[in-house]
Amino acid sequence: MTAEAPPAVATDESQDSAPVSGVRAWLSRHPLAGYAIRRFGLYVVELWGALTIAFFFFRLMPGDPIQTLIQTLQQNYIYNAQASTEIITRYRHEFGLDGNLLTQYLTYMQKLILHGDLGPSLINYPTPAQTVILRSLPWTIGLLGISAVMAWILGVVIGAIAGWRRGKFGSALATNLSIALSHVPYFFVALILVYIFAYSMGVLPARSAYDSNINPGISPDFIGSVLKYGLLPGLSIVIIGTFSWILSTRMLMVPILGEDYLVYAEAKGLKGWRILTRYALRNCYLPQITAFGISLGFIFNGNVLVEQLFNYPGLGTTLVTAIQQLDFNTILGVTDIAIFSVLTAVLLLDLVLPLLDPRVKYWK
Amino acid sequence: MRLLTAVLRTIRNSRRLATGLVILAVLVLVALFSPLIVSAIGGGKDPIELAAYDKWQVPGPGHLLGTDQFGRDVFAMVVKALSVSLQIGAIAGVISTVVGVIVAFVAGYKGGWIDNVLSTFTGILLVIPTFPLLIALSAYAKNVSLFQVGLMISIFSWPFAAKTIRSQVLSLRTRPYVDLARVTKSRDLEIIVTELLPNLLPFIGVGFASSALGAIFGLVGLEIIGLGPGGVIDLGQIIFNAIGTGALTLGAWPMFVVPIALLTLLFAALNMVNIGLEEVYNPRLRGVAGE
């Protein structure tokens, strides 16, 4: 079953058409399409609402970025004369800061939606903010994405085994450790790892994302260097992430283990391992995929503290630099990307889940 | 009174909940007596004063955890900072739980378009990344007090509490005893306070614990970036100090290991309370802990 998009005109008329023919009737014949349309409508509303709140939040902040920019320019070019009104007006226009708040908002949204343009960045003027963000995005996605996948796989496997062998010592240990550590910030583990491996033993680097003596590019040296530098920050995320997935997988597994169909499977004489993978795990990996999808969406938030500690050139570090320099366009851009990715991840999951699992029915 | 015995019975039945609460109670007690402990360490003078002792002393009988770059006693600082961290958790936890509960009750109990509007709004706030906004807020709001920081953190944390509690209100609203109350009594407020609220206490507890946890970590995060409120030392600031002054390279491990250990203990305790409460009130999860 695929969610077909209805004719564009038809959606506008949905309120006044008669139930016998037209859109209502079509929708009642295609409940999945109706669900998809409603879900997509909610997505648009949420996306618009979140972007709007973020926009006004940052615009209502005190602080004048133009003054900061002019000061920077004056320092950089040893340009001491007072900035003329024309220059200020020109910059205001370029940064989308002219006119009242409403015009600013409309211009911003227009540029964002029609051209994907976030406006010039202040830290790297005149580079557009989207370029600055795109430069740091691969680092964040690489580091957090790979760590998230590893943590998920490890967590689901260990969690499933812990649930399966409940009552055993190893299982109780894994569960209690998970309860104690699943909410500990990645940053704490990162700090301890840095202390042990970088400062005390001196075996792994503590800062940056790759060896600055190696030219970036697709070469074995560079890739090896990136892996070596990414090991500590990645490990800190994998450790804590695994614990929280162990806990949630176990919580999903245990109620399933009491189900009748597992007793039946055992009575049929199936092997334990087969029951675990084909019967028990199959029923709990779906919610875990949902949760994983959402957590992948949150990756685009970057991890400010871990990236800061390792001076990793990802989104989090860009964000902190941008905030320190009042770079509104970049800050807002990072926030917008985070909002977009989380909402899109949830939307895709909601649309795909009914196809994956016949029991999922959001529509009536 | 009946409520109290019910609460006590719940705690006795869940080892996990009890453990979490005991650890929390010990930490709160240390925080409450922190002025006494600090002055006992100082023995007449203020151990947290700048240049109270020699700088960078290693842990020993005089200074259990050594001294920092200003010659302050690290143990005394940690004790005092613990109480600050707990305060922020309490402030933000209370504010966001109260707001969350009110929104959840209005949305869940009234239903209809009010619920739609409130839930959509809550959903929108949930996807806005909170940490950038928090950093931005405190970068521009210089010289903020601890209470104001708590308030700022609550702005972003109440939606979590609201979401959890609303779904519970929705399921409770249709129970027969609520219908019965609605037939006999007329006022919504009375039904909410006498019928719904007592049944939702565990979920409110979960909401409070999660908000407090988020707030404590939020402040730690702000401090580590160097944007915390002025004039107070919390556990995050000690960690920030340790990183900033190179305590990692100097081998002054107590400066960051002890705050991290304390915060980990605190997070573990709050999480135990959370999971304990969920296990007690969700029969499907009972025994998940393998007890």
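Predicted model: local features only at pLDDT ≥ 70, side-chain atom pairs only at ≥ 80, totals over all residues.
Mentor: Local features need pLDDT of at least 70 and side-chain atom pairs pLDDT 80 or more, while totals for chains, interfaces and linings use all residues. Residues count from 1 along each chain as its sequence is written, and chains are lettered from A in the order in which they are written.

Trainee: Why are helix 4 and helix 10 of chain B called oblique to each other?

Mentor: They pack at an angle of about 130 degrees, axes 7 Å apart. Under 35 degrees is roughly parallel, over 145 roughly antiparallel, 65 to 115 roughly perpendicular, and the rest oblique. The pair is therefore oblique. Axes are lines fitted to C-alpha atoms over the stretch in contact, with angles from 0 to 180 degrees between N-to-C directions.

Trainee: What makes this contact, on each helix?

Mentor: Met77(B), Val78(B), Ala81(B), Leu82(B) and Ser85(B) come from helix 4 of chain B, and Leu235(B), Gln237(B) and Ile238(B) from helix 10 of chain B. Contact means C-beta atoms, placed from the backbone, within 7 Å. Six of these residues are nonpolar, two polar and none charged. Nonpolar covers Ala, Val, Leu, Ile, Met, Phe, Trp, Tyr, Cys and Pro; charged covers Asp, Glu, Lys and Arg; the others, Gly among them, are polar.

Trainee: What makes Thr103(A) count as exposed?

Mentor: Thr103(A) has 11 C-beta neighbours inside 10 Å. Exposed means 12 or fewer, buried 20 or more, partly exposed in between. Thr103(A) therefore counts as exposed. Thr103(A) sits in helix 6 (residues 101-115) of chain A. Helices are DSSP runs (H or I, at least four residues), numbered from the N terminus.

Conventions
Helix = DSSP H or I, 4+ residues; strand = E, 2+ residues; numbered from the N terminus. Contact = placed C-beta atoms within 7 Å.
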